[in-house]
Each structure stands twice: as C-alpha cells, then as structure tokens.
Amino acid sequence: MAKLNKLDPGPFVEVHPEDAAGLGIADGDSVEVASRRGRAVLPAVVTDRVLPGSCFAPFHWNDLFGEYLSVNAVTSDAVDPLSFQPELKVCAVSLSKVSTPVSVQAPGTSPARTPAVEPTAVRPAAAACALSVSRPAASAAAVFGLEPAPPPVLSERERRYLVGFLAGIPAGAPGVPVLPPDAPFSPDHALWVNGTLAGMYSRTEAGTGAAIRADGAPRRPAGRRVVVLWASQTGNAEEVAAATADRIAAGGHTASLVAMDEADPAALPSDADLLLITSTFGDGDAPDNGTGFWDGLAGLDAGRLTGRRYAVLALGDSSYDDFCGHGRRLDHRMDELGAVRLAPRTDCEPDYEPQADAWLDQVLVALTEAEPGAGGGAAGPQETLRPVSAAVPLALAVPAAPARPSPPAAAAPRRSGRPAAVTARLVGNRLLSRAGSGKEVRRFTFDTRDSETPFVYEAGDALGVRPLNSPELVAEWLALTGLAADARVRLNGVGEVGLGEALLRHLDITRITPALLRFTADRSRDPRELRKLLRPDNKGELAKWSWGRQAVDVAAEFGVRAGAQEWAEVLGRLQPRLYSISSSPLTDPHLVSLTVSVVRYENLAGRPRQGVCSPFLADAGPGTEVPVHVQRSPHFRPPADPATPMVMVGPGTGIAPFVGFLEERRARGHRAPNWLFFGEQRRATDFYYEEELTALLADGSLERLDTAFSRDQRAKVYVQDRMREHGSQLWSWLRDGAHFYVCGDASRMARDVDQALRDIAVVHGGLGETEAAAYVKQLAADKRYVRDVY
C-alpha cells in the first residue's frame with residue numbers, strides 16, 4: 001500500500017474514454033458516484049486501464065481528504081476476515097458529471113462544506129473498488145524526510161472501540177481527542193491513532209492563537225453531541241434510528257448513527273448523550289446485532305456511566321410475552337451504571353410512529369439543557385412513557401449517510417413515515433402443500449413491471465404486504481356493535497372516514513391487545529377475569545386464554561357497547577405483514593415471490609376464523625392489485641464470494657429466502673458448495689419445492705439436502721437432529737469458511753439450532769462449552785452466522 005500511495009494517495013475515480021465521452025467527462029471533472037447505499041463525488045481520471053462500463057475508485061477512510069470523497073459510502077461494509085480491512089467489492093453505481101469542483105484537502109486540514117451538486121447525465125456502470133488506505137500528502141511527509149506508510153492492522157476489539165470513539169467526536173468542537181489510557185490498544189496502535197487524531201484536530205484559530213471566541217469566552221459547539229445507537233432484527237428499529245438522527249441534526253445538534261454491533265460501551269464518549277433504539281428478539285433477547293453491545297454493558301463496573309444522559313426507545317408487540325423486554329433491560333442496566341434519563345423509556349406497539357414521535361419530542365426538549373441536573377428534563381428511575389399521540393410525525397426514511405448538524409431553521413421537509421409502497425399484481429398463487437396436509441402453504445408471485453415507482457430488491461430482503469381485512473369480518477363487527485358503516489370516525493394520519501372503511505382498510509380488527517382487554521374490562525359487568533389476566537405475572541394464562549379467540553370474540557363474549565370513535569381509538573392500526581422473499585431479481589427483476597402459510601381455524605364456538613394477510617392473498621383473484629414495499633435486510637445476503645460455501649437451515653416456510661439464495665448463486669455462476677437442511681411434518685404432503693430442490697441437486701447448485709420430517713416415524717426428528725447426525729461434515733464446512741444461515745421460528749427452532757451448533761463445536765471441534773459459545777458468537781460477529789427469524 002505504501003507503493004500505491006506513492007503513485008496517488010488521494011481520492012479519484014477512473015473512467016474509460018468511451019464512457020467519459022458519453023457523459024461529457026474530462027480529466028479532473030467532478031463525478032458523482034452513486035448507489036442505493038450512498039454517494040461520493042470524486043475527481044475523474046480518464047484512462048483505458050478500466051473496461052468500458054466499469055469504473056475504479058480506491059478506498060479512503062472517514063472522508064479524510066474532504067467531504068463526499070470517501071467511496072466507502074457507496075459500497076457495502078464487507079471486510080476481509082483476516083486483516084479486517086475492506087475487501088475487494090463490486091457494486092452497481094450511476095455516474096454523473098457535476099458542476100461543483102471537487103476540493104481535495106490534505107488530511108487533517110479544516111473541512112470545507114461541499115455545496116449541493118446537480119447531475120447533468122446519468123448512466124449505469126459497475127464499480128470495482130480496490131483496497132487503498134488514504135495517506136497524508138507525500139509532500140508534507142517529505143518535509144520531515146518521512147515515507148508514507150500504511151495504517152496498522154487493528155484487532156477486532158480495537159476496531160470496535162475506535163468506531164465508538166470516532167462516533168462521539170463532533171465536527172467543529174475544540175480540543176484534540178486522545179484515546180484514554182485504558183483503551184484496549186497496543187502501544188504502537190494507540191500511538192498511531194493519537195497521532196492521526198492530533199493531525200486532524202490540532203489547530204489554532206487564525207489571528208488569535210487559541211480556540212476562543214472574540215469576546216474571550218471558550219468556544220463551544222452548537223447544540224449537544226448525540227450518539228444514536230440501534231439494534232434491529234427486521235429493520236424497523238434501524239429506520240427509526242436513522243430518522244431520529246436526521247431530526248436531531250435538524251434541531252442543531254451533532255448526531256452520529258451507530259449500529260450496536262459496531263460500538264463498544266466502554267468507548268462511548270463521555271460528553272455525548274446516548275439514544276438507544278432497539279427491538280426485542282424472541283423471548284426478550286437482544287436482536288442479533290445487539291448482543292455484543294449488551295454483553296459489553298453487562299461487563300461494565302457499577303457507576304461506569306455515572307452522569308451520562310440517555311434515553312431508550314423500545315419497539316415491540318404486546319401480544320408477545322416479554323413486551324419490549326430488551327429495551328426494558330437496556331434501560332434498567334443504564335440506570336444501574338449511573339446514567340441519567342433524558343426522557344422516560346417508551347415501549348412501542350407495532351404502530352409505533354405516534355409513540356416514537358412523542359418520545360423524540362421529549363428528547364429534543366431535554367437536549368436543550370446544558371447539564372443533566374438543569375431544569376426538569378431528566379425522568380425518574382421508574383417512569384415509563386406510555387403510548388400517546390404526537391403533533392409532528394417522525395420521518396422514517398433512512399439517510400444515505402450519518403446526519404450532519406444544521407440550524408433548526410434549515411430543517412428539511414418531513415418525509416413519509418413508512419417505506420413507499422408500489423402497486424404489484426398478483427400473478428401466481430401456487431399451492432405447495434399437498435392433499436392430506438394439515439397446513440395450507442402457498443407460493444405467491446407478484447409482477448411489479450407496471451408500477452410507476454421502480455421496484456428494487458435483493459435476495460434476502462423481506463416484502464411488506466399491505467392487506468385489507470375480510471369483508472365478512474367487517475360485517476360481523478358492524479352487526480355486533482350495532483353501528484352503521486357510514487358512522488364517521490377520525491383516524492390520525494388519515495382524517496375522517498366511515499367506520500366501515502376504517503374497519504376494512506385501517507384498523508386491526510383481529511388482534512387481542514392489552515388495551516382492548518382494559519377497554520373491555522372497564523365496560524364489563526364483571527371485569528374480575530379480565531383484570532386477573534392482565535396482571536403482569538399472568539402472561540402465560542393470558543396467552544392460553546387468547547388462543548383461538550380474536551378481538552371480535554372478546555367484544556361478543558363480554559357484550560361491549562361503545563361508540564364508533566371509541567372503537568376507532570382502542571383498535572390498533574392495521575400493519576403491513578412482512579414475509580421473506582423467495583426469489584432472486586437476477587431471475588426476473590419484475591417478479592417477486594413469497595412462501596406463506598395460510599392461517600385458517602375455528603374459534604372456541606366453532607366459527608370460522610382466519611389471519612389477515614395470508615387469506616387475503618390466498619383468496620384473491622389473478623391480477624389483483626396489492627400494495628407492497630421492500631424491507632431491506634442488508635445483514636441477510638448470500639455470500640458475495642463465489643468460493644464461499646453456504647449452509648442453510650430452513651424448516652417449514654423458513655425455506656423461503658433460501659430458494660432465492662440458490663437462484664441467486666446459480667444465476668451468478670457461483671460454484672461453491674451449498675447445503676440445505678429442510679424439515680416439516682410429513683414428506684408425502686409437506687415437502688415444499690421438492691421438484692425445484694431435486695433439479696438444483698441435479699445441476700450441482702445444491703450439493704447436499706438433508707430433510708427431517710418429524711411425523712414420518714415414531715420418534716420425532718427435527719433439523720437440529722440432522723445437524724448433529726452430520727456434525728463432522730458440518731464442522732468441516734465451517735472450518736472451510738462456510739456461512740451459516742437460519743430462517744424460521746425464533747421461539748424454539750432458532751434456539752435449538754443455535755444449541756446444536758454449539759454442541760457440534762464441542763463434539764467435533766474439541767472445544768469446551770465456554771469456548772464453543774465464544775466460537776459461535778465470533779461466527780456471528782464475523783457475519784458468517786446470520787439469522788432471519790421471527
């Protein structure tokens with residue numbers, strides 16, 4: 001790398017002469033390189049060293065040469081597993097000539113704001129970005145007789161600490177950041193980091209010689225510095241966190257957005273306020289990308305965060321036993337460590353926007369206080385903010401880069417709260433389960449080519465489907481309540497509509513929620529049973545009682561009488577249903593498929609009941625228009641390296657994403673071996689995609705297929721049992737660098753598979769139980785063990 005930096009240590013993008021001519025680009029012109037992930041603006045180098053249709057840009061760290069000059073923002077965050085440096089990456093980009101000249105500065109000099117740029121032409125291209133780490137200008141080093149040298153290769157622990165440390169450094173603040181003495185760095189690595197930070201931040205003001213204002217008072221940064229930490233299993237918490245950082249910055253504060261798996265709690269900046277936004281996974285556990293942060297918090301000494309200001313936003317669903325359990329534990333642990341609440345914790349239901357917005361309003365008010373004890377902004381230790389409405393919606397669009405501070409007056413207009421929906425036509429409805437099965441499992445296929453909005457997805461993403469409630473159930477609700485379909489009700493974000501329309505399109509009329517049970521108890525002649533079920537220590541009994549019932553059954557059983565607006569306020573909002581995508585866009589970019597188990601059953605009185613979305617799709621006619629949106633899952637992708645083996649565990653409908661994974665690898669010509677574990681009840685009736693899997697075995701796209709049909713023999717056999725049976729081979733695949741994927745039920749299957757993986761490490765890897773647990777945790781940290789579980 002030292003030799004490469006002698007050639008050209010600065011940022012650039014190489015473009016073939018044919019492409020340059022088509023785009024009107026000459027040497028030195030500013031070129032915007034943009035992808036779905038972000039953008040960079042780089043000076044052009046016109047050369048035939050790259051092929052037509054391709055461009056080349058070297059990597060540089062942290063916009064060291066200036067703003068928008070880091071191509072890292074354009075590509076994925078994949079790293080080489082040995083050096084932890086960025087690996088060679090290829091991604092689809094667009095190139096545009098822009099009028100604003102690129103200002104390349106020597107690392108460490110004061111950054112200049114880059115004005116907005118306007119593209120003059122756009123043309124798709126593919127960018128192959130090779131490793132090259134930015135260096136101080138060779139001329140500056142030469143003054144002291146020094147040769148440019150590459151940065152040291154940091155350990156994983158050093159990297160995680162440094163990510164958190166850098167996230168807490170605000171732009172424009174006085175002083176030189178220095179690693180604390182107890183930072184987990186080797187002496188040489190700490191010396192290099194501190195030297196680099198000194199070069200970037202050691203400055204005096206022109207004409208004064210000190211970082212002071214004209215009136216002699218110390219210069220202070222505008223607003224507060226805030227680190228927004230997030231952990232998410234499905235992407236909702238990530239979207240909320242990104243929108244939160246955007247709004248914090250628009251309020252004049254310095255916001256850094258950091259995933260919890262990239263942060264070390266011990267390295268969080270002491271003068272930054274912390275906002276923790278998390279969902280809950282399984283039975284109250286942390287999401288996969290939040291486990292390391294939680295372990296780090298658990299390992300801190302009491303009082304380590306004394307005086308630190310923080311707030312927690314927890315996303316969950318009260319129909320699950322441990323509602324917002326991980327958010328509650330984070331809040332409690334931060335309190336134990338001596339931190340002070342900026343605002344009470346908010347526990348959000350699936351329709352989280354109003355609650356999240358009210359929480360953020362409180363946080364923004366508290367951020368105006370200079371110190372934790374000033375005024376009355378800090379919440380008490382046991383206070384929890386309950387769902388309330390808010391006047392200003394929270395924008396939930398993920399920004400392309402961490403939010404930067406701007407004056408409140410310059411805040412951008414708010415964007416829509418949910419990912420934009422496109423209209424897709426239902427063109428496929430294939431029954432996968434066979435006659436005699438106890439389940440109804442279908443493959444639904446949608447055609448998006450007629451949508452006005454471009455539809456883009458990747459293998460591993462989820463599809464959000466926005467269903468309608470059953471018209472028969474709406475009629476039953478109206479008959480039960482005695483209310484007219486045209487009775488007017490007001491809904492937040494919708495306005496005034498008829499009750500029938502609200503029940504059909506906007507309200508969740510199936511779920512039994514604690515709010516509905518409290519509403520019912522308040523209007524019941526004998527509320528004792530309901531109040532007993534609502535006790536915090538009685539969640540198991542509540543789950544049993546709710547089994548086989550829907551909301552309309554509760555209203556009928558207790559004879560609830562209420563007005564139309566009262567029902568509209570107590571029933572939750574109808575939410576999109578997320579399903580793992582079962583296809584690859586490389587097969588056909590306009591078609592997207594799902595694998596769905598259709599929910600139909602009878603209630604306790606023998607009356608037919610069904611789910612919301614699955615029967616909505618199953619009973620829809622061909623060509624039905626359905627609003628859908630893509631929920632990105634950037635952590636859940638097939639291996640990018642064509643030589644990396646892949647092991648997939650997907651029982652039942654958990655096979656869904658792996659059909660897409662196998663299509664993707666076959667389309668790309670990846671010849672690495674692939675191994676699938678599939679399980680269901682009976683082979684004769686429940687072997688989904690049997691013909692497709694047989695064909696994949698025949699053409700070599702699938703090297704191994706192991707099945708577990710639990711009810712085909714007296715002793716039940718599950719996928720985790722098959723894993724143990726083939727533990728020696730599975731361990732060999734893992735030693736060869738295989739990526740391990742799991743999709744399906746979180747409550748039992750995912751835990752059983754995780755335990756089987758640890759057992760295999762013990763039996764076939766010769767590890768102790770503690771070492772095996774650490775090995776599995778490292779697989780997850782290395783992004784080689786990833787899960788899509790629900």
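Cys324 sits in the loop between β10 (309–315) and α8 (325–336). Helices (H or I, at least four residues) and strands (E, at least two) are DSSP runs, numbered from the N terminus. The model is predicted, so local features need pLDDT of at least 70 and side-chain atom pairs count only at pLDDT 80 or more, while totals for chains, interfaces and linings use all residues. Residues are numbered from 1 along each chain as its sequence is written, and side-chain values use heavy atoms, with hydrogens and water left out.

## Positive phi values

Cys324 is not a glycine, yet its phi is positive, about 55°. Cys324 is also buried, at 1% relative accessibility. Buried means under 20% relative accessible area, exposed means over 50%, and partly exposed lies in between (1.4 Å probe, protein chains only).

Tyr689 is another residue other than glycine with a positive phi, near 60°. Its loop runs between α19 (683–686) and α20 (690–698). Tyr689 counts as buried, at 2% relative accessibility.

## The chain as a whole

The chain has 24 helices and 28 strands. Of its 790 residues, 50% are buried. Contact means heavy atoms within 4.5 Å. Among the contacts with a separation of 6 or more, 76% join residues 24 or more positions apart. The chain exposes about 35900 Å², and carbon and sulfur atoms supply 54% of that area. Accessible areas come from the Shrake-Rupley method with a 1.4 Å probe; for residues, only the protein chains shown count as cover.

## Cysteines without disulfides

A disulfide is a covalent bond between the sulfur atoms of two cysteines. The search counted a pair of cysteine sulfur atoms within 2.5 Å. Across the whole structure it found zero disulfides. Cys55 is buried, with a relative accessible area of 2%. Cys743 is buried too, with a relative accessible area of 0%.

## An enclosed helix

Why is helix α15 (residues 551–558) described as largely enclosed by the rest of the structure? Six of its eight residues are buried. They are Ala551, Val552, Asp553, Val554, Ala555 and Phe558. Just after α15 comes Gly559, with a positive phi of about 60°.

## Two crossing helices

Helix α22 (residues 727–735) meets helix α23 (residues 749–763). Their axes come within 10 Å and cross at roughly 90°. That makes α22 roughly perpendicular to α23. Axes are lines fitted to C-alpha atoms, for helices over the stretch in contact, and angles run from 0 to 180 degrees between N-to-C directions. Angles under 35 degrees count as roughly parallel, over 145 as roughly antiparallel, 65 to 115 as roughly perpendicular and the rest as oblique.

On the α22 side, the contact is made by Gly727, Leu730, Trp731 and Leu734. On the α23 side, Leu757, Ile760 and Ala761 take part. These residues divide into six nonpolar, one polar and no charged. Here Ala, Val, Leu, Ile, Met, Phe, Trp, Tyr, Cys and Pro count as nonpolar, Asp, Glu, Lys and Arg as charged, and the others, Gly among them, as polar.

## Links across the sequence

The table gives the C-alpha to C-alpha distances.

| Pair | Apart in sequence | C-alpha separation |
|---|---|---|
| Thr624 and Arg425 | 199 residues | 5.5 Å |
| Leu297 and Ala266 | 31 residues | 7.8 Å |
| Asp699 and Arg666 | 33 residues | 9.4 Å |

Thr624 belongs to the loop between α17 (613–618) and β23 (625–631). It is partly exposed, with a relative accessible area of 24%. Beyond its neighbours within four places in sequence, Thr624 touches Ala424, Arg425 and Leu426.

Leu297 lies in helix α7 (residues 291–298). Is Leu297 buried or exposed? Leu297 counts as buried, at 0% relative accessibility. Setting aside neighbours within four places in sequence, its contacts are Pro265, Leu305, Leu330, Arg333, Met334 and Leu337.

Asp699 is found in the loop between α20 and β26 (704–709). Asp699 is partly exposed, with a relative accessible area of 34%. Which residues does Asp699 contact, leaving aside its neighbours within four places in sequence? They are Arg666 and Arg671.
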